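Here are a few friendly notes to read alongside the model. Please keep the viewer open as you go through the points.

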Amino acid sequence: MSILSIENLSISFHGREGITRAVLNASFKLDKGETIAIVGESGSGKSVLCSSIMGLLPMPPARIENGTIEFQGQNILTSDNRQLRGLRGNRIGMVFQDPMTSLNPYLKIKNQITEPVCLHQRMTAKAAWPLAIAMLNEVGLPDPEQIMNLYPHQLSGGMRQRVMIAMALINKPDILIADEPTTALDVTIQSQILKLIKKLQREYNIAVIFVSHDLGVVAGIADHILVMQQGQIVEQGTPDNIFYKSQHPYTRNLLDSIPVRAKTEKFIANSADTKPLLTLQHLRTWYQSNDNELFRSGRNLVKAVDDVNLQIFPGETLGLVGESGSGKSTLGRSVMRLVQITDGKILLDDRNLAELSASELKLYRREFQMIFQDPYASLNPRMTIFDALSEALQIRGALSESTIHEEITLLMNDVGLDPASIRKYPHEFSGGQRQRIAIARAIALKPRLIIADEPVSALDVTIQAQILDLLLMLVKKNQLTMLFISHDLSVIRYMSDRVAVMYQGIIVETGDTESLFAQPAHPYTKTLLSAIPLPDPIRERARYRQVNVKSSEPHITP
Amino acid sequence: MTVDSPLPLHQYQQGRSLWQDAISRLRQNRLAVFGFWVVTCFILIALFADLIAPYSYEEQNLDLGASPPSSAHWFGTDTLGRDLFTRILYGSRVSLLVSFLSTVVALTIGVLWGTVSGYFGGRLDMIMMRIVDILYALPFTIFIILLMVVFGRNIYLLFITIGAVEWLTMARIVRSQVMSIRNQEYIDAVISMGLSRPRIIFRHILPNILGPVIVYTTLTIPGIILLESFLSFLGLGVQPPMSSWGSLISSGVETMEEYPWLLVFPSLTLSLTLFSLNFLGDGLRDAIDPRSARE
């Protein structure tokens, strides 16, 4: 007997621009203790589907066109608000994507975690206290008594997500809906949270709906996978069927988009006789956090980049990998001199860029170009593509108008965009197309080094694969040298000739991509490598047999 | 990937620039066009008031006294028998001049101050903003009275003093906008291309903060018109028989019950102008934002 059954559900949004069909004739059943994973790219309707189960859709503009949602015999769609409130946080728990925004920053953990108990079981906060402590223990948080008295900002992202899970499960619900619960987390924390969800699910026999855009993440924990595309469930089945015997072309496309292979054509850096293009010596970038401009105090020094030595050889792609806060982006921005460096040398052609004055720096800047993470923020919204590219070209020198037109057409072709669309503004392009424009702008200056800072992490997997391939093609065609920064190990492996692993401001290990992935030397690299979710259910399931679900993070962030 | 031959040149040249686009979008916005024409009409009226006005602004007719609207006096007359229509026409001179000139002063200082403060940040920003805070704390009326006492009563001084007070808020708005744009990645991108600072500020930052600046400007103008009437009431602005909309309204309020037309007509004129300015301002804000283009 299934506890949740969705029949033929269609949801559409009625806006000024017309009708958008978010979910089309979706049907599935959820059994007690089962884990269903809903996988799809952004805009596929997976989150809308989840919200409808909780009765959380904003109506209007949302409208249920047809279908039913039945939870233990109760029709959710015809329930009134009072009935729905009885379910929310009680029979159905939910965990959201971003643990930074889903907890109220003004309330202590104790007030937030006991709230669902007080509300649904009519307990006093005092009576709920032992229950909350037990629950925090369950989710693997050390020293629950102390955590109860903290504010959310005093906890790290992973710990907050544990608190969210504790809140969602404190009333022992029948269903836990987890909407991209690990997307905002680092890979090592992600694997801890996934193990925790799996463990709790077994213990409490809860049914879980796990929404994700990442097939690798769900490979090990799901009993059943639904693949959604443009509002439709295009394929469903057991993980083994989906991953090994997929029928639908879209699912196969998703699977192929996960970069699992290593870079095929290797650039061979012969460090013995090749001179490095760029050398970083003892580079330090320290920040004063809590900066009071008038009365400088020496407190709260953040060593974002601390004593980094690195060489980049001409023609190679150096991958820089690390988790959030490791200082990898600051390192890239330090090389660009976009941030003030504290100490050390940046050597290009035996010239120390760290010592250049502002006017000398302006000339040197064009030697390095940067591709940024967010294609929505990296283009001036008020400039057409033509203006943006011609601005870059004009920096190379006074070019005639016709040369500029020719160059722009060539650039647009190079990055796979239609040259006829150059008069459009950035908002008229999709995320992937914008990233192509940003790439065109970066290569327009013919730089000697490109620093790509997480260039694909804001994109859907299928688009991600296209952009990576475009970058590989351009690197080969123009013999570019690239510093490729990413948190994603599989992307790094796909792109790089050599890899540097960064941890808390320090490069802990560098090496040739293949040997580093095969035989990591540093313990941090080993942890990082073992945490990558693989699109392989058999190997992933083995991972969940390990039992340790304790939080391994530093206890409290200052 | 095949490389096509470049597009023919003329196809590029018919391309749009931000400002050409803005004008064509503004034309499609009927309310904004309406606002534009109303404001233009008032500017023309202010310029040619002495040609249009049926009477002289100082001409009194004590026998007539306050009379309701008639064919001879369209908007009626005031207690001294002066033609209200004429006084409104002349009043537009002072009101529009004060509001536009003061706004220009406020805009110029405010945008410059805010941009420099927000773009360079750090200690400079701290010092510049503390100066703004100190000026905020000065009692405005005393400040103006002091200036008037020192420099004598002078209508141009009035523009400068009002502008010199109104730029404070503008500077704060501009600063916060510039700071948020400054942290956008596209600014990092153009810095790393080696663009010069003035170019970054004028090409990449200022066009992106225009929206809030325009809206705030259209909100400032009515405030200034009323401020002028307050100063006139204190005897620091224009004095009868010369009139301004603000002074007409404030004297109309006193006789509201006996002679309502003395309040109604100046108020209607002021409201019409303010509505038109707001329509125009909203239209401009939408027009310079390419994202608002209707497909």
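1. A definition to begin with: two residues are in contact if their C-beta atoms, placed from the backbone, lie within 7 Å. This is a predicted model, in which local features need pLDDT of at least 70 and side-chain atom pairs count only at pLDDT 80 or more, while totals for chains, interfaces and linings use all residues. Residues are numbered from 1 along each chain as its sequence is written, with chains lettered from A and ligands numbered from 1 in the order in which they are written.

2. On the interface, 27 residues of chain B are in contact with 36 residues of chain A. On the chain B side, α1 (9-13), α6 (122-137), α9 (185-192) and α10 each supply at least two residues; helices here are DSSP runs (H or I, at least four residues) and strands likewise (E, at least two), numbered from the N terminus. The most comes from α9(B), with 6 residues. By class, this side of chain B has 14 nonpolar, 7 polar and 6 charged residues (Ala, Val, Leu, Ile, Met, Phe, Trp, Tyr, Cys and Pro count as nonpolar, Asp, Glu, Lys and Arg as charged, and the others, Gly among them, as polar).

3. Within chain B, have a look at α3 (residues 30-47) and α12 (residues 261-287), whose axes come within 7 Å and cross at roughly 130 degrees. Axes are lines fitted to C-alpha atoms, for helices over the stretch in contact, and angles run from 0 to 180 degrees between N-to-C directions. The two helices, α3(B) and α12(B), are therefore oblique to each other (under 35 degrees counts as roughly parallel, over 145 as roughly antiparallel, 65 to 115 as roughly perpendicular and the rest as oblique). Residues that meet here include B:F34 and B:F42 in α3(B) and B:L277 and B:F279 in α12(B). The contact divides into 11 nonpolar, 4 polar and 1 charged residues.

4. Another pair in chain B is α10 (residues 197-233) and α11 (residues 245-254), packed at an angle of about 65 degrees with axes 7 Å apart. Among the residues making the contact are B:I225 and B:F233 of α10(B) and B:W245 and B:I249 of α11(B). By class, the contact of α10(B) with α11(B) has 5 nonpolar, 5 polar and 1 charged residues.

5. How confident is the predictor in chain A? The average pLDDT (confidence in each residue, from 0 to 100) is 82, and 92% of the residues score at least 70. Please treat residues 554-558 of chain A separately: pLDDT stays under 50 there, and the model has 5 contacts beyond four places in sequence for them.
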